[in-house]
Amino acid sequence: MLCRRPAFNRRLLSVRWQSTATSSSTVRASGGVPTPTPTPASAEIPPPPTPRLNALRSAKPFSEFLTDTFNRQHDYLRISVTERCNLRCLYCMPEEGIELSPQPRLLTSPEIVYLSSLFVSQGVTKIRLTGGEPTVRKDIVPLMQDIGKLRRDGLRELCLTTNGISLHRKLDAMVEAGLTGVNLSLDTLDPFQYQIMTRRKGFEAVMKSIDRILEMNKVGAGIKLKINCVVMRGMNDREIIPFVELGREKPVEVRFIEYMPFDGNKWNQGKMFSYQEMLAVIREKYPSLEKVTDHKNDTSKTYKVPGFQGQMGFITSMTHNFCGTCNRLRITSDGNLKVCLFGNAEVSLRDIIRRENDGQPIDEDALRELRLLETVQSAAHLSDEGGLVNEREREILDIIGAAVKRKKAKHAGMGQLENMKNRPMILIAVLSSTWKTVPPHLFSSIPGSSQARLYHSQRSQSNNAASSSEEKNAERSEENKTSHSLPTASDPDLPHLTPSQTVHMTQITKKPETSRKATAACEVLFSNLRPWELLRKGQGTHKGDVFSVARIAGIMAAKRTPDLVPLCHPGIGITGVEVSVDLVEPRGGESEYGSMQIMSTVSCFGRTGVEMEAMTAATGAALTVYDMLKAVDKGMIIGGVRLLEKHGGKSGHWVR
Ligand SMILES: Nc1nc2c(ncn2[C@@H]2O[C@H](COP(=O)(O)OP(=O)(O)OP(=O)(O)O)[C@@H](O)[C@H]2O)c(=O)[nH]1
Ligand SMILES: C[S@@+](CC[C@H](N)C(=O)[O-])C[C@H]1O[C@@H](n2cnc3c(N)ncnc32)[C@H](O)[C@@H]1O
Ligand code: SF4
Ligand code: SF4
């Protein structure tokens, strides 16, 4: 047990880091704590370790605490600095977000700096800040300034994984703080598709961040930039080649990531686009694609098109694990150490470091009182010279060491991820929300298809079986006897049909009322440049402002859906309709002359869904765009009307 120390050390957190400018090697040699000179937290960037210090570090054996039973040395720490995010990427977060931990359970900045320094003292040379979205943490820049100062203790890389939305505003300060690498998530190069995949706007801001990094690199900032692109079949797989082509002129590394299952992200095998498939797509266009040698601990397999400035990588978590050379540990925002991304085993470092503070979050005052940072230096001393000088760090390191020793050879010992039957949360999400097979009735509309034939033959067999069964007849006559009305039952596959295949409006009396929401989209493709030119200049047409009239048309269309679609229920109590109409610049292919992208979300509280309303809204808006622009372009095509997402009701959450 550690006891609370009576002695108070009044030095500032920033002071401690400042003090080590002379000290990292000095302290280790002398075992003493130097007297600091107070300076503000945002003082100048500390110098990187000297070649001598580097040599000393690599000469000493790697920390036993961070070495697992497979002899993997963990010198890379990923810290989640927030659970919050300003996007809602389809593959990562549900639209409504996730339930956030109460603030006092999350690590404070002094706690993050303290744990970082402890790990660096043990040989961690790379720290990546991630999340959630790390840039939404209010004090992200001061936090990076403090972590950046650990460079003098051996930290070589300070990296960020970010969605890039607000990076451009903070980038300069971060680079000054010691930022060395940015992995930026961008899954599409199409602004409209961006809105679909992230459920938010922000494409331009992300591009601004990328441009700013490239600009800074031109003048020698040396920021390693990687673009992370999660590939989902049917969603952005058609953009693989445009992403590869980003590297023609720009020195960026695009990494294509296999879509992985996480709690609540509606993963299914069908949406996963594998590394082999991606390679095949790229090789078809660029047969000269070459493999590049990877670094030992890289998560990605790197390739290059000869002559291109940039390169590409593939992160193959689903099809080829890279656990053999894993050097990563993670700390979650609430202070748990996770030794494997896919392991459920977690140990709370927060609870141990707060124990002496009566379980309360450690702010700067408490940090000083508890002399935590001071003792990390002792821990650094421990790893350099092998002598044990501090009980507190010993206890924390023992706990870390024990967790690291329990790390499995791969994927938390569960084998290939797609076979993970024992991941309860994932399993629940996958089973409850996705089709195991495509319902056969969807094939039945393709005349002559083998599935259609099979479906019809199965249906007629089951109908015959049903009509010949005594129970079925008894049921029917019972229904007729008691109701004196037409049958109200629905075909289980196609509810707008009765079991005898006549059309009816589905009975919803017994369905519970729930909150429901549906989002749909469609496009209007221009056939010449005139509409795009006019709208870009902010000019409407002689009929008025195309954007707002189309939005209003969409809203009115949603309300009139039952008048247009015969079997739709009237009066379903729409509670909200949002329609967005956006101009997309010409970008080749189908959208050679530009287009209007329309998206609509309809919500209601009721017994039946609002997907028809959402698609009607999108179509109504599109027709209005056509009507208002037809004087300059009669060849416009309205297309791609589709449901993107649906919430509520028996089928729960469905995402395209
Ligand atoms: N299996 C596995 N995949 C990981 C791990 N860390 C990251 N990934 C995958 O890599 C993707 C990108 O993660 P990033 O945050 O950019 O980090 P990184 O790839 O470790 O970054 P580098 O430091 O550039 O190697 C994630 O979406 C995951 O798919 C890990 O520890 N295990
Ligand atoms: C969870 S995010 C956190 C950092 C930051 N918000 C961002 O988006 O870059 C870290 C990385 O995980 C990736 N990721 C999230 N969900 C994923 C999934 N289901 N499959 C594969 N990668 C995923 C993201 O694309 C991103 O590159
Ligand atoms: S991938 Fe990153 S940006 Fe997207 S929702 Fe997840 S945390 Fe947010
Ligand atoms: S799955 Fe676990 S063991 Fe494998 S690379 Fe990722 S963190 Fe390391």
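Predicted model: local features only at pLDDT ≥ 70, side-chain atom pairs only at ≥ 80, totals over all residues.
**Sheet**

I started with the strands.

Next I checked how β11 meets β12. Strand β11 covers residues 336–338, runs antiparallel to β12 and is joined to it by three bridges. I picked out one pair there: asparagine 336 has serine 348 in β12 as its bridge partner.

**Ligand 2**

Which residues come nearest to ligand 2? I noted Tyr91, Gly132, Glu133, Ser185 and Met260, out of 18 residues around it. By class, I have seven nonpolar, nine polar and two charged residues in this shell.

Then I went through some polar atoms. A polar backbone atom of glycine 132 sits 3.0 Å from a nitrogen atom of ligand 2. For methionine 260, a backbone N or O atom is 2.8 Å from a ligand 2 nitrogen. Asparagine 228 uses a polar side-chain atom, 3.1 Å from an oxygen atom of the ligand.

How much of ligand 2 does the protein cover? I read 88% of the 530 Å² of accessible area that the ligand has on its own. Back to the sheet for a moment: β3 (157–162), β5 (224–231) and β6 (253–258) are the elements that each give two or more residues to this shell.

**Ligand 4**

Last, I looked up what surrounds ligand 4. My list is Phe322, Cys323, Cys326, Cys340, Leu341, Phe342, Lys407 and His411. I sorted that shell into six nonpolar residues, one polar and one charged.

Terms used:
Residues numbered from 1 in each chain as written. Chains lettered and ligands numbered in written order. Heavy atoms only, no water. Near = heavy atom within 4 Å. Nonpolar A, V, L, I, M, F, W, Y, C, P; charged D, E, K, R; others polar. Pairing = 2+ DSSP bridges. Helix = DSSP H or I, 4+ residues; strand = E, 2+ residues; numbered from the N terminus. Polar contact = N/O pair within 3.5 Å; in protein donor to acceptor, adjacent residues only side chain to side chain. Areas by Shrake-Rupley, 256 points an atom, 1.4 Å probe, with all protein chains shown as cover.
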